[in-house]
Amino acid sequence: MKKFFALGLVRGLSWEIIGTALGIGFVTLVRLLIGLPAWKAEPAVVFGALLGALFFLVGVGAVDDWFKWAVGRETGEHFDDSHPGWRRYFGASLDHKVIGIQYLVLSLILMSVGGLFALIFRTELAEVQMQFLTLNQYNTLMSLHGMVMIVSILLGIAAYMNYLVPLLIGARDMAFPRLNAFSFWIAVPAGLILLSSLFLGGFDTGWTGYPPLSARAPLGMQMFFLGVSLAGFSSIFGGLNILATVIRLRAPGMTPFKMPIFVWAALATSLISLTATQLIGLSFQMVMLQRLFGMGFFDPAKGGNPVLFQHLFWFYSHPAVYVFVLPGLGLISELLPVFVRKPLFGYRWVAMSSLGIALVGFLVWGHHMFTSGMAEYLRVPFMYSTLLVAVPTGVKFFSWVGTVWRGKITFETPMLFLLASIVVFLLGGLTGPPNATVSTDLHLHDTYYIVGHFHDTMFGGYIFPFFAALYFWFPKMTGKRLNERLGQLQFWLITPSFVVLSLWMMRVGLLGMRRRIADYDAALGFEASHLVMTVAGFLIGLSLIVFFINVWYSLKKGPPAIGNLWNSRSPEWQVASPMPVHNYDQPFEVVGEPYDYGLPGSQYIRFKGEK
Amino acid sequence: MPASPEKSSALRMGLLIFLGLAVLTALEFAMAILLAFWQLLLLVSLFKAGLVLYYYMHVSRLFEADQDADHESYAYRLATNRIGLWLFLVSDAFIFGGLLISRINLLGLTRPELNQVLGLSVTSVLLISSFFMNRAETAMAHGDRRQFIRGIGVTLFLGMLFLAGVVGVEWQIAAFGPGDGVAGAIFYAMTGFHAFHVLTGVIFLMVVLRNGLRGRYSVEKHWAVEACAVYWHFVDVVWIFFYPALYLIGTVL
């Protein structure tokens, strides 16, 4: 029992409860003292949740060292590692590999929660009329599915960037390990606050939270805004850390064009999350202020402008989709050469295409607002800038095709997921231009077609590469290889059912099914299609269960993974698995090109003291 | 201790930049009354921000080549810390940029009615505090602890004075509250976000003052002092844009 309370996570959660109670009490007391009616739920709960999140960080120990610095004490390079074994994953640690795995686990938990939400409202949609959900419950689940999945994706990419970037560039750790721990741990209360909206009246705006609807939604709306704002800090500081690490801590000889492609992708992603994330935070905080203090930014009755919210919101939320997919696309380029035993086709172009997508991505946000009533002359420029994104994305596809071309392909589970991600992302990419084009978007806007397109890009750009990378690096993280047969089973469960799901989404969308709607008219004839989608959704859920069984089984019974399992040229595979605590005992130097698979005599890195 | 030539020239430069900024601020104020020409005000603000970025925040230090290739050495880590701090400031600038964009979108060429004397006073207080912050940092870099402590103390006092002026006076005497119309909303949001940053800067200054009094900084190792100075000047740069945006451009609503 004592050991249980010594876990950082448990301590943090207890502190969070105390902090929340204190915050609620404080607001109530202040209101009492200045003569207002003592109890008003909204300010009390918002302040309580905020204070609870800060208390969590103190309780878990993520900010200990900063307090020590403030009083002028020196600190060691790592926290005292009093928790060996699995316990260290449940408390604050400064090791980027531990933090990476913490991110990964939290991301998988949130992915399961978000997926569960989807299955619940998907079941409701399978038949016309409402069966077991109220309209408010449907709206809350549908909205939370969106945002919980987005947070899960942000944590998932942070997991890979944290775990891999220092390993790939030969650094001992991230540039700012304490900030790294902070970035992870703030995501935990953020997730809790976000989910607490379920129990505080829910909300009904979808994940976008547009005012004026969000300005008068139930209290759950505030928890949604606060949770996302806090998760934003995780993303901002994570991006900052990656940028500083890549700029400063590369191994000798690793010039920009000898960096692995995944590092380029992480760089491009971090540029977006460092800068643009502030604006979704700002837009959400402005609605929070409007609700708390009546500040009328988005209230037309007070001279405010609701469309301003959409501009601020999409200035982040469009580039955000590149935050979600760029690391995944980088992983495809990173892993494809390993399984086809050929050099990556057009390395420099692929490296620059990530940056290109990131930069063009800043100029396209208006394409979400073609029907919003923004100035009409803005539509065409935003249409063209959006279509321009296809150019760097096309570069990536060209490179993948060129890489696979005449390669000696082997079809292990990671490779299957890679190939599926290329196909699915292509589907998502080709269904994009109709939405970018003003004339067709006016018809497609807010239909299920958009939902289908978006899920294609997310699965192709994130989910499939995520699993490919997990099957690939799981042995590096744990020393055990995931079971191949269960992996193939998962793959063959998820891929066909997902393709069916997304194609049917687009089908009903083209026929006029609105997105975010809890019910539809039987006369539209969508019932059979919705049943197909629901069944497909459950098969995807089943595939995840197979995956979790695989993880459990492989950790328990799997044979140890020894040596360079995939015959990769990457430095992390040249040393023992799982990775030693301080990464490389011998620093390495980059002496060649990263992806020269199949070229006799070529060498990428050389460890010190080695010929 | 006799001042070294480098130190006195650094101090002189700090004074010169301060005088330049003061003259430009006065010019801004005069221009707003006489010309009401926002493009000129923008130009002057950009020029002022450039001066602070270059001479007070030492942006060029980011591009200095590394003296030491060992990733674990103090010099190398110092340069990494600088990059980290500046990345944070870039990120933070996007919040303030977003607020400015919102202000332009919602108010256009109108502004809320505010007390001009008070506005000019708090602006001057922040500007003078930046001058003393620069003096304190220069003193530390040349090992003059007394002047360093004095400078930090004065900066801290002026920072609190600024907070008192904005939150304690301006917010109380303004003819509108945050809920009264969009001009009030944007005014309280912009000054509020900025005041929050000043408050964190004041806390940072307190920490530096405390550790400085205990002699924890040396000529070679005083990253906390430098970071505090850069952050404080950043907050000043934000105000360089917020002051004209709230007090000077356009016509009163």
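1. In this predicted model, the rule finds one salt bridge across the interface of chain B and chain A. Its partners are E72(B) and R172(A), whose side chains come together with an N to O distance of 3.6 Å.

2. On the side of chain B that touches chain A, α3 (74–107) and α6 (181–213) of chain B each supply at least two residues. The most is given by α3(B), with 18 residues. By class, that side of chain B comprises 18 nonpolar, 11 polar and five charged residues.

3. As to extent, the contact draws 36 residues from chain A and 34 residues from chain B. The two chains bury about 2,800 Å² between them, and 68% of that area lies on carbon and sulfur atoms. Within chain B, the most area is lost to chain A by L87(B), S91(B) and F94(B), which together account for 18% of what that side buries.

4. A separate point concerns N162(A), which is placed in helix α6 (residues 135–169) of chain A. Is N162(A) buried or exposed? N162(A) counts as buried because its relative accessibility is 4%, where the cut-off for buried is under 20%. Leaving aside residues up to four places away in sequence, N162(A) touches H96(A), I99(A), G100(A), Y103(A), M174(A) and N180(A).

Conventions. Residues are numbered from 1 along each chain as its sequence is written. Chains are lettered from A and ligands numbered from 1 in the order in which they are written. This is a predicted model: local features need pLDDT of at least 70, side-chain atom pairs count only at pLDDT 80 or more; totals for chains, interfaces and linings use all residues. Side-chain values use heavy atoms; hydrogens and water are left out. Contact means heavy atoms within 4.5 Å. Buried area is the accessible area (1.4 Å probe) that two parts lose on being put together, summed over both. A salt bridge is a side-chain nitrogen of Lys or Arg within 4 Å of a carboxyl oxygen of Asp or Glu. Helices (H or I, at least four residues) and strands (E, at least two) are DSSP runs, numbered from the N terminus. Ala, Val, Leu, Ile, Met, Phe, Trp, Tyr, Cys and Pro count as nonpolar, Asp, Glu, Lys and Arg as charged, and the others, Gly among them, as polar. Buried means under 20% relative accessible area, exposed over 50%, partly exposed in between (1.4 Å probe, protein chains only).
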